[in-house]
Amino acid sequence: MLCTPRVQLFPSRFGSTMFTVTAHSSKAAADRVLLPATCRPPGMVRSPRIARGARSKLLCNVIAASLLYGGMQLARQAKNAAGDVFVLPPRAGPATINFHAPEGSTIASTANLAKSIVGAGVLSLPCGAAKVFDAAEQGGYDHVSSIAFLLLLYAVFGGLNAGGFYLIGEVCERTGARTYQEAWNKTLGDRLEWLPSAASLVCSFTGMVACISVLGDTTSELASFLSQAFVAKEILISGISTFVLFPLCMLPSLSPLAFASVLGLAGVCILAFVMTIRYLDGSYAPGGAFYSDARAAVDGLSQVAIHGTGDSLQGVFFQQLIIFAAVLSNAFTAHFNAPAIFNELEPRINASGTSSRLPEFTIVTLAAFLLSGLVFSTITIAGVETFGISGGPSILTSYSSADPLTWVAKIGLGLCVLFEFPLLERCFRKTVVELFKVPEVVEQNSVTVVASIAAAVALACMPNFGLDKSSAIGGALGASFLVYVAPALMALQLRKAESGASGAEDAEDADAEARKMLLRGVAALGSVLGGLGMAEAMQP
């Protein structure tokens with residue numbers, strides 16, 4: 001049974017008075033004061049700081065060094081590409097717009113895919129992971145086991161996402177499809193052809209909301225820091241939407257904004273490096289340079305710690321796990337770009353003498369998802385170890401405004417989402433027009449642009465609807481279908497069609513039935529994650 005929070009006041013080094021949240025359950029009457037992971041007194045820490053730091057710092061050092069080098073190399077390769085691989089949501093005809101990179105470069109294709117994966121959604125990962133982490137520790141797991149469990153989640157969902165991405169490329173190889181919608185139609189026909197469009201619609205809209213949330217947080221903090229006065233985030237969002245986002249969305253061509261993805265990849269890699277540095281140097285630990293000024297040290301106390309016994313803890317853990325799975329699925333999503341990535345590769349002659357893009361596509365998929373997983377896991381571990389459960393829905397808002405190093409990451413990601421928003425808005429607008437069979441002239445109407453921007457702004461400004469919730473809803477409703485369900489269904493239908501054409505089942509292939517069972521399991525997993533993730537994400 002979930003507990004009821006109780007608010008108390010006590011003197012604090014952060015000001016004259018500080019709020020604390022204590023929790024009671026019907027079976028446990030002891031109060032528990034919620035403090036950020038870095039500012040709990042030694043007696044209240046669940047596990048020794050030294051034991052936590054020794055393993056985590058070593059892990060962060062290794063990962064940070066690898067991803068910084070790899071990320072910068074890929075960003076440099078991507079910058080040299082002719083354009084960004086950005087695929088608009090499914091269109092019914094051959095008018096699908098692609099920004100293709102030149103054929104041939106596996107490294108450039110890997111960079112294109114990596115910068116399609118990483119983005120603003122990574123900022124919500126530490127918050128979701130911290131809730132799973134806290135629930136696991138409350139359930140009796142030690143700190144090292146909880147960290148290992150988080151890394152296992154990244155490995156599992158990263159592998160599932162990479163597998164779904166590969167399946168789409170395999171369908172394109174067998175059918176000659178050049179878009180996601182075409183791959184769906186060539187394998188499953190016209191039945192339920194609106195599903196990919198609807199899923200892409202959800203992903204693009206929640207991506208717009210995420211961009212607005214990040215822009216609002218960044219500009220509000222910057223304005224407050226410069227003016228030393230509070231500035232309402234809603235006012236800043238309205239101004240940016242009117243005078244910056246609207247003109248960008250009205251551009252006849254979005255090709256000049258292709259550099260935004262390169263900026264995003266570099267910005268996220270810099271963010272991971274900065275977060276690792278700040279964790280290792282102890283700037284936000286007790287006695288650190290920014291400990292007393294960290295926003296998370298105060299704002300984090302409004303969160304309610306997980307407290308309970310038995311079935312209640314298991315229920316909370318399951319709830320947070322489902323929500324985090326949706327957020328993680330949304331973070332890894334780039335699957336609508338799979339046909340474009342596949343078709344930009346040069347065919348290779350294999351051992352049987354036939355040409356195929358799949359070997360190169362496999363290398364690109366593994367390298368890009370591995371790099372993205374390293375970036376995501378580094379940001380998650382550094383955020384959880386620095387702030388614990390007190391980290392905000394967007395991890396950047398947890399860092400001090402007086403920290404000059406984090407401003408590099410904040411400004412870089414702010415510019416990234418500023419130029420990413422028009423790309424997502426164009427996706428959303430075109431999909432709405434095509435999905436609901438609206439005349440195409442409506443798409444370019446300024447009133448339509450205003451309506452789409454206003455819808456995203458309205459949702460982003462809703463109370464208790466932050467970056468974490470928009471990412472969870474996008475992952476549950478959109479990403480679960482595009483990543484797990486649709487690729488598995490297309491692959492199953494393709495194998496069924498090939499077996500029917502040959503006139504016999506794959507009796508000679510002992511693993512054929514096992515692969516079919518695996519694909520059915522992935523499709524079922526996507527359906528369950530989508531349904532449960534949406535139900536849990538909508539909980540207050």
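Colleague: Why are H5 and H6 called roughly antiparallel to each other?

Modeller: This is a predicted model, and the crossing angle settles the term. The axes of helix H5 (residues 180-188) and helix H6 (residues 194-227) cross at roughly 150 degrees. Angles over 145 degrees count as roughly antiparallel. H5 and H6 are therefore roughly antiparallel. Their axes come within 9 Å. H5 passes H6 in a right-handed crossing.

Colleague: Which residues of H5 and H6 meet?

Modeller: Tyr-180, Gln-181 and Trp-184 come from H5. Their partners in H6 are Leu-195, Pro-196 and Ser-197.

Colleague: What makes residues of that contact nonpolar or polar?

Modeller: Residue type alone. Tyr, Trp, Leu and Pro count as nonpolar, whereas Gln and Ser fall among the others, which count as polar. The division is four nonpolar, two polar and no charged.

Colleague: Which residues make the contact of H3 with H12?

Modeller: H3 supplies Leu-125, Pro-126, Ala-129, Ala-130 and Phe-133. H12 supplies Phe-376, Ile-379, Thr-380, Gly-383 and Val-384. Eight of the contact residues are nonpolar, two are polar and none is charged. Gly counts as polar here, so Gly-383 goes with Thr-380.

Colleague: How do you know that Leu-125 touches Phe-376 and Thr-380?

Modeller: Contact means heavy atoms within 4.5 Å. By that test Leu-125 touches both, along with Tyr-154, Phe-324, Val-327, Leu-328 and Ala-331. Residues up to four places away in sequence are left out of that list.

Colleague: What makes a set of residues a nonpolar core?

Modeller: The members must be buried, of the listed nonpolar types, and joined through side-chain atoms within 4.5 Å. The largest such core has 119 residues. Leu-125, Phe-324 and Phe-376 are among those with the most contacts inside it, as are Leu-113, Leu-123 and Phe-421. Helix H15 (residues 467-502) gives the most to this core, with 15 residues.

Colleague: How many of the 540 residues in the protein are buried, as a percentage?

Modeller: Buried residues make up 55%. To count, a residue must be under 20% relative accessible area. Overall, the protein has 16 helices and four strands.

Technical notes. Residues numbered from 1 in each chain as written. Predicted model: local features only at pLDDT ≥ 70, side-chain atom pairs only at ≥ 80, totals over all residues. Heavy atoms only, no water. Helix = DSSP H or I, 4+ residues; strand = E, 2+ residues; numbered from the N terminus. Axes fitted to C-alpha atoms, helices over the stretch in contact; angles between N-to-C directions. Parallel < 35°, antiparallel > 145°, perpendicular 65-115°, else oblique. Left-handed = near helix turned anticlockwise from the far one by under 90°. Buried < 20%, exposed > 50% of the residue type's maximum accessible area, 1.4 Å probe, protein only.
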